[in-house]
Amino acid sequence: MSGYLDPCDKCEEVMQPYLDRALDDGERAEAEAHLADCGYCRKRYRFEESLRVFVRQVCAEEMPPELKQKLAALRTPL
Amino acid sequence: MGEPDTAEPDEARRIATEARDRVRFEEEALALADQVYRVARRFVSSREEAEDLVQDTYARAFRSWQSYTPGTNLRAWLLRILTNLNVDRGRRIQRRPDELPLEEHDYYLANRVAETGGEQVLDQDRVVERLSQDSIVTALSSLPDDFRDVVVLVDIGDFSYADAAQILDIPIGTVMSRLHRGRRILKGELADKAVE
């Protein structure tokens with residue numbers, strides 16, 4: 001196999017760092033240029049993004065209020 | 001021949017400064033407790049364990065507050081303590097990543113649901129709507145520890161790759177590959193749940 005990457009494969013490859021906001025400006029612009037043209041990749045990105053948002057929302061469990069008091073009680077007395 | 005006049009005021013000032021810094025540290029740390037708990041809750045399987053872990057973390061943080069460098073990421077510093085305590089507790093079952101079945105590919109979840117949902121689920125966006133809250137929580141808790149730690153820190157804790165690497169004491173490249181594989185496994189688990 002040559003080093004050539006299909007634009008969609010390349011897009012797939014940078015999807016994770018793109019969605020995690022870990023690309024540099026150049027890489028980001030390149031990914032966005034491809035996304036603007038490619039409905040398939042846009043759909044892939046949207047799916048991954050919505051899955052991530054969903055995981056984040058669902059897993060955000062509130063801290064029990066009593067715990068906050070217990071933690072405050074661990075402070076060094078003045 | 002008395003003590004130099006300045007000795008006592010200096011000492012008093014030092015103590016006052018230290019007390020003020022400590023109070024500030026404790027307040028800043030407590031303000032992050034919600035976020036620390038949210039991550040802790042997904043590191044362990046029960047709420048009680050998460051509470052214990054967070055309490056132990058804060059007890060240790062308050063004891064060793066002077067080893068924190070002001071101006072650096074306090075949330076990451078706290079999570080580093082929490083992660084170490086969690087490892088010390090022996091909760092973790094170390095599985096070698098190589099032993100994991102990694103046949104799943106990225107399209108697995110979307111495809112599985114699309115297959116069973118027929119024409120209506122052609123839009124991948126709708127796949128996510130079909131997943132239940134429980135299925136995500138269960139799938140996340142069934143991830144091998146090494147993978148879950150990274151997914152939880154980045155996806156739920158919103159830490160950067162660099163922070164996650166520092167917290168877990170692993171290279172950034174390892175964070176990225178574990179994240180990638182962890183999310184894949186997660187999607188595989190979710191696919192199984194979504195079609196049950």
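In this predicted model, Asp169(B) sits in the loop that links α9 to α10 (172–194) of chain B. That chain holds 10 helices and zero strands, and 34% of its 196 residues count as buried.

- Most residues other than glycine have a negative phi.
- Asp169(B) counts as exposed, because it has 10 C-beta neighbours inside 10 Å and the limit for exposed residues is 12 or fewer.
- Asp158(B) also has a positive phi of about 60° without being a glycine, and its place is the loop between α8 (145–156) and α9 (161–168) of chain B.

**Helix α9(B)**

- The buried residues of α9(B) are Tyr161(B), Asp163(B), Ala164(B), Ile167(B) and Leu168(B).
- These residues cover an arc of only 160° around the axis, and therefore they lie on the same side of α9(B).

**Overall build of chain B**

- Read along the sequence, chain B follows the pattern α-α-α-α-α-α-α-α-α-α.
- Among contacts in chain B between residues at least 6 apart in sequence, 70% join residues that are at least 24 apart.

**The largest nonpolar core**

- The largest nonpolar core has 46 residues, and those with the most contacts inside it are Ala40(B), Val150(B), Val151(B) and Ala164(B).
- The elements that give two or more residues to this core are α3 (39–59) of chain A and, from chain B, α2 (33–43), α3 (47–63), α4 (74–88), α7 (133–141), α8, α9 and α10.
- Helix α8(B) gives the most to this core, with seven residues.
- Domain 1 (7–88) and domain 2 (101–194) of chain B both give residues to this core, so the core lies between them.
- Leaving aside residues up to four places away in sequence, Ala40(B) touches Ala50(B), Leu53(B), Val54(B) and Leu82(B).

**Where chain B meets chain A**

- In the contact between the two chains, 32 residues of chain B are in contact with 27 residues of chain A.
- On the side of chain B that touches chain A, at least two residues are supplied by each of α1 (7–31), α2, α3, α6 (124–129), α7, α8 and α10 of chain B.
- The residues on this side of chain B divide into 19 nonpolar, four polar and nine charged.

**Helix α2 of chain A**

- Helix α2 (residues 25–37) of chain A has 13 residues and reaches 19 Å from its first C-alpha to its last, which is close to the 18 Å expected at 1.5 Å a residue.
- This helix, α2(A), is hardly covered, since one of its 13 residues is buried.
- Ala29(A) belongs to helix α2 of chain A, and it is exposed because 11 other C-beta atoms lie within 10 Å, where 12 or fewer is the limit.
- Ala29(A) and Tyr18(A) are 11 residues apart in sequence and, C-alpha to C-alpha, 10 Å apart in space.

Notes
Residues are numbered from 1 along each chain as its sequence is written. Chains are lettered from A and ligands numbered from 1 in the order in which they are written. This is a predicted model: local features need pLDDT of at least 70, side-chain atom pairs count only at pLDDT 80 or more; totals for chains, interfaces and linings use all residues. Helices (H or I, at least four residues) and strands (E, at least two) are DSSP runs, numbered from the N terminus. A residue is buried if 20 or more other C-beta atoms lie within 10 Å of its own, exposed if 12 or fewer, and partly exposed in between; C-beta atoms are placed from the backbone. The expected span of a helix is 1.5 Å times one less than its number of residues. A nonpolar core is a set of buried Ala, Val, Leu, Ile, Met, Phe, Trp, Tyr and Cys residues joined through C-beta atoms within 7 Å. Domain bounds come from an automatic or database domain assignment. Two residues are in contact if their C-beta atoms, placed from the backbone, lie within 7 Å. Ala, Val, Leu, Ile, Met, Phe, Trp, Tyr, Cys and Pro count as nonpolar, Asp, Glu, Lys and Arg as charged, and the others, Gly among them, as polar. The arc is that of the directions from the helix axis to the C-beta atoms.
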